[in-house]
Amino acid sequence: MSSEKHALYAELLQQAKALLQEETDVIANMANFSALLFQSLPDLNWAGFYIMRQGELVLGPFQGKVACVRIPVGKGVCGTCVATGEIQRVADVHEFPGHIACDAASNSEIVLPVRQGGNIIAVLDIDSPSLNRFDDVDQQGLAALVAAFEQVLVAA
């Protein structure tokens, strides 16, 4: 299973790089990146971005059900990601202090910071209806995908 997951992320990385390489518009790239992840990764119910705007996270391009529009820094899994600057991988969101339940069907979540010039400009938020959906392989694979996304930001 782990080798299959590694292969999936290697393929996704190639696809993401090809998808992003010619486009410089960050919103267009976030939209396609979200769609790629949502369509390619199994057992997800939400994948998308929250963008830093005037000191808070504001909903950006995503795939999935209607979502919370604004999240304060330090609140919920996404806001904690910004406050700490660290990837947040949560096996059971119902156990996470201050979790913001945008979709009651979500049970696990992983949130990765997206940086430009060293500053967090957005977070990539991915939810699953399954408990403990995300493991080390997912975290490493998604971190590599975010790094590829950040490279496009540098080039833009």
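How many bridges join S5 to S6? The number is 9, and the two strands run antiparallel.

**Basis**

This is a predicted model, in which local features need pLDDT of at least 70 and side-chain atom pairs count only at pLDDT 80 or more, while totals for chains, interfaces and linings use all residues. Residues are numbered from 1 along each chain as its sequence is written, and side-chain values use heavy atoms, without hydrogens and water.

**Sheet**

An open sheet is formed by 6 strands in the order S3-S2-S1-S6-S5-S4, with antiparallel pairing. Strands (E, at least two residues) and helices (H or I, at least four) are DSSP runs numbered from the N terminus; two strands pair if DSSP finds at least two bridges between them. Strand S3 (70–72) and strand S4 (88–90) are the edge strands, each pairing on one side only. Ile110 stands opposite Ile126 in S6.

**Val111**

Val111 is found in strand S5 (residues 108–116). Val111 counts as buried because its relative accessibility is 0%, where buried means under 20% relative accessible area, exposed over 50% and partly exposed in between (1.4 Å probe, protein chains only). Leaving aside residues up to four places away in sequence, Val111 touches residues including Val77, Cys81 and Leu124; contact means heavy atoms within 4.5 Å. The C-alpha atoms of Val111 and Cys81 are 6.6 Å apart, with the two residues 30 apart along the chain.

**Nonpolar core**

A nonpolar core is a set of buried Ala, Val, Leu, Ile, Met, Phe, Trp, Tyr and Cys residues joined through side-chain atoms within 4.5 Å. The largest has 27 residues, of which Phe33, Leu37, Ile126 and Leu142 touch the most other members. H4 gives the most to this core, with 7 residues.
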